[in-house]
Amino acid sequence: MAAEDQPEPDRPAGTDDDETAVAKLFGEYEVTDIEYADPSTERYITVTPVAHTMGRHANKQFQKSEVSIVERLINRLMQTEENTGKKQQAMQITREAFEQIHDRTDENPVQVLVTAVENAAPREETVRLKYGGISVPKAVDVAPQRRVDQALKFLAEGVHSSSFKTTTDASEALADQLAGAANYDVQTYAINQKEEKERVAAAAR
């Protein structure tokens, strides 16, 4: 039998030459059409379908911005007492929180996270300057990369304070924090902390 007469090998069902497989976060959520409202932090909020890079950027200075914002949130959650070093557990908490957000709002949880980080990122903070032995607070602008760091910190602290020694699950607390921050709810811990920082900075101008 000639090569051109041989039958083509069977292809998996549902495949099409015109379709390209799109990688999704946790196999469920698209990461291609994320919208950014804050141009200053856009380059520091990376969105990829990979939730665990195995420490690829761990020893590279300032490379944390190349890590997916979802993984950076997971790493923040992993720094609390109960989750220290337990990345798989922190990933499971995040996955369950994303499922709850999707069920509640019918929105892409990745988009909700990006909006929450943008809303919770403080624009001003204070530093201490010494003048002749006297410490004086001074308001300064916050660098975009630090704004993202602070937002993730506030979100993780809010989850810990809401779920520690309470009946609230960590995943439910995370879903509440992300949804509240995305809607700019001042009752949310992250937004409350941002407003407090900016209020103190405004008084120190």
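The model is a predicted one, in which local features need pLDDT of at least 70 and side-chain atom pairs count only at pLDDT 80 or more, while totals for chains, interfaces and linings use all residues. Residues are numbered from 1 along each chain as its sequence is written, and side-chain values use heavy atoms, with hydrogens and water left out.

**Exercise 1. Determine how many helices and strands the protein chain has, and in what order its elements run.**

Step 1. Helices (H or I, at least four residues) and strands (E, at least two) are taken as DSSP runs and numbered from the N terminus.

Step 2. The protein chain has 6 helices and 2 strands.

Step 3. From the N terminus on, the order is α-α-α-β-β-α-α-α.

Step 4. Contact means heavy atoms within 4.5 Å. Of the contacts between residues at least 6 apart in sequence, 61% join residues at least 24 apart.

**Exercise 2. Describe helix α2 by its span, its buried residues and its packing partners.**

Step 1. Helix α2 covers residues 87–105, which is 19 residues. The expected span of a helix is 1.5 Å times one less than its number of residues. From first to last C-alpha, α2 reaches 27 Å, close to the expected 27 Å.

Step 2. Lys 87, Ala 90, Met 91, Ile 93, Thr 94, Ala 97, Phe 98 and Ile 101 are the buried residues of α2. They lie on the same side of α2, because they cover an arc of only 155° around the axis; the arc is that of the directions from the helix axis to the C-beta atoms. An α-helix has 3.6 residues a turn, so residues three or four places apart point the same way.

Step 3. Exposed residues Gln 88 and Asp 103 sit on the face of α2 turned away from its buried side.

Step 4. The partners against which the buried residues of α2 pack are α1 (69–77), α3 (109–120) and α5 (170–182).

**Exercise 3. Explain why α1 is described as largely enclosed, and state which helices its buried residues pack against.**

Step 1. The buried residues in α1 are Ile 69, Val 70, Glu 71, Arg 72, Leu 73, Ile 74 and Leu 77.

Step 2. Because 7 of the 9 residues of α1 are buried, this helix is largely enclosed by the rest of the structure.

Step 3. Its buried residues pack against α2, α3, α4 and α5.

**Exercise 4. Identify the residues with the most contacts inside the largest nonpolar core.**

Step 1. A nonpolar core is a set of buried Ala, Val, Leu, Ile, Met, Phe, Trp, Tyr and Cys residues joined through side-chain atoms within 4.5 Å.

Step 2. The largest such core has 43 residues, and Leu 25, Ile 69, Phe 98, Val 117 and Leu 178 have the most contacts inside it. At least two residues of this core come from each of α1, α2, α3, α4 (144–163), α5 and α6 (189–203).

Step 3. Not counting residues up to four places away in sequence, Leu 178 touches Leu 73, Phe 98, Ile 101, Val 112, Leu 113, Ala 116 and Leu 155.

**Exercise 5. Classify the aromatic pairs and locate their members.**

Step 1. Rings of Phe, Tyr and Trp (its six-membered ring) pair if their centres lie within 6.5 Å; planes under 30 degrees apart count as stacked, over 60 as edge-to-face and the rest as tilted. By this rule there are 2 aromatic pairs.

Step 2. Phe 26 and Phe 98 are edge-to-face, at 6.1 Å centre to centre and 70° between the planes. Phe 26 belongs to the segment before α1 and Phe 98 to helix α2, 72 residues apart.

Step 3. Tyr 29 and Phe 98 have ring centres 6.1 Å apart and planes at 75°, so this pair is also edge-to-face. Tyr 29 lies in the segment before α1, so its pair with Phe 98 in helix α2 ties together parts 69 residues apart in sequence.

Step 4. Phe 26, Tyr 29 and Phe 98 form one aromatic cluster.

Note on methods:
Buried means under 20% relative accessible area, exposed over 50%, partly exposed in between (1.4 Å probe, protein chains only).
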